[in-house]
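Dear colleague,

Please find the structure below, handed over for your work. My notes on the chain interface and on the aromatic rings follow it.

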Amino acid sequence: MSTKGTHIPERLKIPFAGITPAPSQEKGQDLFPTGNWRAIRPVYRDKLPPCNNACGTNEKIQGYLDLVKRGKYVDAYALIKEDMPFPSVTGRVCYHPCEQACNRGKYDEAISIRAVERFLGDLGQALTRDVVKAGAPNGKKVAVVGSGPAGHSAAYQLVRLGYKVTILEKSPKAGGLNRGGIPDWVLPQHVLDREIERLVELGITIKTNVEVGKDVTWDDLKRDYDAVVLAVGLTQPNSVRAEGENKDGVLYGLPFLRDIGMGTSKVKLGARVAVIGGGNTAIDCAREALRQGAVEVTMITVEANPQEMPAVPEDLHDMLEEGVELVHGRAMTAVLGNGKVEALQLHPARFSGAINASPINVNREVPAERFHVDHVIIAVGQRAALDWLPDEFKSDRGTIKIDRFGRLGDTNFFAAGDVVQLGLGQPLMVVNAVGDGKRVAFNLDKVMRGESLQPRTIPVDVIFDLNRMNMTYFPHFPRVHQTLLAPASRRKTQEEVIQALSEEQAVEEAGRCFSCGTCNACDNCYLVCPEPCIERPSRSNGLYKILVDYCKGCRVCIEECPTGCLEGVPELDFDTGVVRMDTAFAILPGLHGRQAEELRNLAERPAKSI
Amino acid sequence: MSAIEVQRQLLPILDSPNQGARFYNPELPSSEPFVPGHRTCAGCGPSIQYRMTSKAAGDNTILIGPTGCMYVANSSYLCTPYNVPWAHTQIGSAGSFTAGVAAAYEAMIRKGKWKGAYPNIICEAGDGSASDIGLASISGALYRNHDCLIICYDNEQYANTGIQASSRTPYGGMTTFSPPGPMVPEAKKLYPKDLARMMAAGHPHCYVATASVGYPIDLMNKVRKGLNHKGAAYLMVYTPCQKGFVYETPRSIDLGRLVVECGLYPIWEWDPEKRQYDYSFRPQNMRPVSEYLKLQGRFGHLHTQHIANLQKFANEQWQMMGVELPEALLQAADAKNLVNMAAAEEAVTVAETV
Ligand SMILES: Cc1cc2nc3c(=O)[nH]c(=O)nc-3n(C[C@H](O)[C@H](O)[C@H](O)COP(=O)(O)OP(=O)(O)OC[C@H]3O[C@@H](n4cnc5c(N)ncnc54)[C@H](O)[C@@H]3O)c2cc1C
Ligand SMILES: Cc1ncc(C[n+]2csc(CCOP(=O)(O)OP(=O)(O)O)c2C)c(N)n1
Ligand code: SF4
Ligand code: SF4
Ligand code: SF4
Ligand code: SF4
Ligand SMILES: [Mg+2]
């Protein structure tokens, strides 16, 4: 309340006969604390957006999309780099669980998060100096075995924490499956090279052609380093155990792609190629086969239809566009041919239980089909090569046995990535390996500092329900689509299939983000409050404040918060900040009470002074 | 005699908060001419309007408050929530008082006694004042073209005296003066006075517009256009009153959107230069009136025929704006396709309490 500009004659400035005197400007401000009308108090409480929650390394997606909206690209890049060492890579290869979880997907189309991530990653690659710095050296040495996504991520976080990190890699080039699995037309090698350079710039030593178990032993690791992270991935391809699998012309997906990636491939494919398997690796193999000169490529899967295939739908779609054929519900039971594969023997088959995770039932009652091929590529999963690992740390799943913090018993060895995640029911993917590497690095640091490892107990409120936000503020807008090379031309080249977003497109796409559950300083609450009793020194998440002395609890702000950051909490839950209003006639302590005190003393004052 | 220099404040127009798919309000002025501590009801629509209007106008502003909630519930013990000069005036003299303030500044400037920029002179009259009791005085101020902005904050009834019908109360709206009963089941038989069009038609040299608290930036921009207009301007703003409309307080802004989306409150501007209406404002959605009515106790007694009548009325408003009617809205104007208000029984008890 205000008395500004009000002329108050002297005689009205003293209390008289139960009428409280006019207040001063300052007192006027707190004369009527209407907050005591309130039953429900609005509270700013950020929720976790489902995208952040679904991301394997919990990138602050909502946060960087918001920065992109504001044109603060370098800040956005720096934010993404907290959790993700190579956004240029995941911006291309990630299976984007975030987009599957994106709330906008329930409304019109999910945000093209990966495309914006790539925009930021490429921007970061173009910076002459990266935004990330190594931490102050703490004098401790860590070896990271394996330079795939998990090892890369662990090394990156550890060097930021001040460790002296050495990566040991058995291949001639660093990168793990980023190089030796994911094809060039998804992830060009120069992009990966630049990210590996960034690791070296941070002071990490990368030793290639060093294999643990051969060049370096378990005991060497134990002796030479304060701690070790094992991120050795899955390097051995599975076989289908069909008759004649040892014939010429039978290839395995992983080495097939790895040799192409490392530049050491000698394979020359014939015209007709079959790929066995229905997952992402099989898709990559089929599409790579076209690029290696095959004319007709057929994918043979046990899954009865495309929906059941454990593959990313977009990649499947792009593969079909390139002309790969699908044959469903068949298992390869033998490789036929004289020394060299000439045809495959196929039988109807289906999974006996849950898709992709159960034994296969083959129907041998019906006559077998003969499927003519020049080459067959088997891509039915990978396993780890762990001969060098002490037995006590081997699990039944053929993985490294760890506790829930990624630690091997009470040693200073930790493990991360595919080599621990295989068989846990989670799809194996780069971002999960990155997240694992990050968490393990933080746990390792705790152990090194003598802190106890404790599971997180704070409950997280993930905002899945669109009713908790206000959708009226978000008109429908279509997703910005990345352009693709035309199918006919791309099936012959190693050129990147999916093209980058322009700056304008990236901003437009980021603008579609609801900012689920997280204040993005849109100012709506501030503008619509009838009192108005919402203050903010400047427009920023966390700086909005409700003046609880005045807020009447109308909840207009809560209703009109587009993001659902504001919520109502019953006033009884608070024991602070609740104001009581005294009336002019109630002689109570407090504001009016003080004036009433003066009233009571009135009689004792000389008449003249009144 | 040389021409008199009048320094004017030209207030910039604010950007739309809808930037493509992104919702983000433009940078708002930092001044706060309206401060908390007043005793209007929680969620009061007129207060929301005051907050937005005064923020758009800024600190060099004089407010005039004819009797109504925005005076009575706000000013006591010689203090008010207005952090700029404010004066109460009698409910019937909204226009004459405002004209007097404007004339006084004109005279002071002529005599060289006022050096600064010409202040924003804003009268905030309730609909009771603007459409009934003070109509003549407001028409006079507009007609004489005093440099001021007269706002009718339209809560569609005399709120402050306990909810009585005004000539802005809609057809079917229950108030203590228009209760539903066996003889008049729809509560109010007459349709609301087309006040803003009356002002535009009668004073074509004035800037006239309608707005709603459901569209804050549009409202603030119309305030600024009205103030920038040299001469008199008139603005009629939809401001829900939770006490009289009987709704849940968080809905205040939502109702401001719904009333427009239902076609019951056409949003337009009258351009005094071109002498024509601008009907280009389009809400995001078009909805049947029942979606608006069902949120309010004051319509709880309506029968299908009454709802159909209101839909017909809304459809006429859309047609006036040159909007083609979707089939669903034409259907909704037929009582056969409607159901009675679900809250009818509850509304009876409410009727006894307001
Ligand atoms: C063909 C293929 C395509 C894929 N495409 C995608 C994709 O598009 N998107 C996606 O998200 N995921 C994809 N994945 C899955 C993803 O690549 C893996 O989940 C991820 O790379 C696992 O990372 P990692 O660091 O645990 O293991 P890896 O990437 O396998 O890295 C392990 C590294 O350890 C090294 N190593 C192993 N043993 C030793 C040893 N004894 N001494 C020294 N070094 C050793 C290996 O040489 C290798 O470099 C794909 C997988 C395959 C097979
Ligand atoms: C000449 C005159 N008649 C009646 C009244 C009683 N009165 C005080 S406030 C009020 C209601 C005004 O209604 P409105 O202008 O719509 O403002 P609201 O209360 O709705 O904000 C009335 C009728 C009065 N003050 N003066
Ligand atoms: S709309 Fe934005 S914040 Fe919400 S889930 Fe999608 S990307 Fe995340
Ligand atoms: S809009 Fe204002 S008065 Fe209403 S609940 Fe929010 S802060 Fe309180
Ligand atoms: S309305 Fe806007 S500024 Fe207010 S809390 Fe919600 S997101 Fe933040
Ligand atoms: S009665 Fe209506 S107009 Fe008056 S203060 Fe309450 S909500 Fe506002
Ligand atoms: Mg009124």
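Two residues are taken to be in contact when heavy atoms lie within 4.5 Å. The model is a predicted one. In it, 49 residues from chain A and 47 residues from chain B form the contact. About 4,200 Å² is buried between the two chains, and carbon and sulfur atoms give 58% of that area.

In a salt bridge, the side chain of B:Glu27 meets that of A:Arg539, at 3.2 Å from N to O. On the side of chain B that touches chain A, the elements that give two or more residues are β2 (22-23), α1 (45-57), α7 (216-228) and α9 (252-261) of chain B. Of these, α1(B) gives the most, with 5 residues. By class, this side of chain B comprises 24 nonpolar, 15 polar and 8 charged residues.

Turning to the aromatic rings, 25 aromatic pairs were found over all chains. B:Trp268 and B:Tyr277 form an edge-to-face pair, because their planes stand at 90°, with the ring centres 5.0 Å apart. B:Trp268 is buried at 3% relative accessibility, whereas B:Tyr277 is partly exposed at 24%. B:Tyr277 also pairs with B:Tyr279; the planes are at 10° and the centres 5.5 Å apart, so this pair is stacked. B:Tyr279 counts as buried, at 17% relative accessibility. Finally, ring pairs join B:Tyr238, B:Phe245, B:Tyr247, B:Tyr265, B:Tyr292 and B:Phe299 into a cluster.

With kind regards

Key
Residues numbered from 1 in each chain as written. Chains lettered and ligands numbered in written order. Predicted model: local features only at pLDDT ≥ 70, side-chain atom pairs only at ≥ 80, totals over all residues. Heavy atoms only, no water. Buried area = accessible area lost by both parts, 1.4 Å probe. Salt bridge = Lys/Arg side-chain N within 4 Å of Asp/Glu carboxyl O. Helix = DSSP H or I, 4+ residues; strand = E, 2+ residues; numbered from the N terminus. Nonpolar A, V, L, I, M, F, W, Y, C, P; charged D, E, K, R; others polar. Phe/Tyr/Trp six-rings, centres within 6.5 Å; stacked < 30°, edge-to-face > 60°. Buried < 20%, exposed > 50% of the residue type's maximum accessible area, 1.4 Å probe, protein only.
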